[in-house]
Amino acid sequence: QVQLVESGGGLVQPGGSLRLSCAASGSIFSINAMGWYRQAPGKQRELVAGITDGGSTNYADSVKGRFTISRDNAKNTAYLQMNSLKPEDTAVYYCNADLLTTAWSPVFRYWGQGTQVTVSS
């Protein structure tokens, strides 16, 4: 059994900052990439940022220069530092992890339940 638990969402004013955390727990052998997606009302889920186990990162154009993804491999945790937030960043943010539960299992993508981020004055 694997669980991904996000935390750190909330209400923030435009220009403010938030830091999201995503902790993976359970039967984990190794984690490859981890990432953050978001889904705003009436829109499709979109990639925000991703990070490999080696630390390579990838960002959506809309968040480059404002958001930073990082991870602590020892804690099986990924973070998303969000600065200079805009109202259009309002969405439910989901983390995912591509991981193996044993040395012989295929890689499977697990998802968290999501955390709401609202940017409003």
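Let's start with Asp98, which is found in strand β9 (residues 91–100); strands here are DSSP runs of E, at least two residues long, numbered from the N terminus. Keep in mind that this is a predicted model, where local features need pLDDT of at least 70, side-chain atom pairs count only at pLDDT 80 or more, and totals for chains, interfaces and linings use all residues. Residues are numbered from 1 along each chain as its sequence is written, and side-chain values use heavy atoms, with hydrogens and water left out.

**Asp98 and its surroundings**

- Asp98 is buried, at a relative accessible area of 14% (buried is under 20%, exposed is over 50%, partly exposed is in between, with a 1.4 Å probe and protein chains only).
- Its side chain has a polar contact of 2.7 Å with the side chain of Arg109 (a pair of N or O atoms within 3.5 Å; within protein, one must be able to donate a hydrogen and the other to accept it, and residues adjacent in sequence count only if both atoms are side-chain atoms).
- Setting aside residues up to four places away in sequence, Asp98 touches Ile31, Asn32, Ala33, Val107, Phe108 and Arg109 (contact means heavy atoms within 4.5 Å).

**Arg38**

- Arg38 is found in strand β4 and counts as buried, at 6% relative accessibility.
- The Arg38 side chain makes polar contacts with the side chain of Ser62 at 3.4 Å and with the side chain of Tyr93 at 2.9 Å.
- Beyond four places in sequence, the contacts of Arg38 include Gln44, Arg45, Glu46, Phe67, Glu88 and Asp89.

**Aromatic pairs**

- You'll find 2 aromatic pairs in the structure (ring centres of Phe, Tyr and the six-membered ring of Trp within 6.5 Å; planes under 30 degrees apart are stacked, over 60 edge-to-face, the rest tilted).
- Tyr37 and Trp111 have ring centres 5.2 Å apart and planes at 70°, so this pair is edge-to-face.
- Tyr37 lies in strand β4 (residues 30–39) and Trp111 in strand β10 (residues 108–111), so the pair ties together parts that are 74 residues apart in sequence.
- Tyr37 is buried at 18% relative accessibility, while Trp111 is partly exposed at 34%.
- Phe108 and Tyr110 also pair edge-to-face, with 5.0 Å centre to centre and 70° between the planes.
- Phe108 is partly exposed at 49%, and Tyr110 is partly exposed at 22%.

**Arg45 over rings**

- The charged end of Arg45 sits over the ring of Tyr94, 3.8 Å from its centre (NZ of Lys or CZ of Arg within 6 Å of the ring centre and within 35 degrees of the ring normal).
- Arg45 also lies over the face of Trp111, at 4.8 Å from the ring centre.

Conventions
Helix = DSSP H or I, 4+ residues; strand = E, 2+ residues; numbered from the N terminus.
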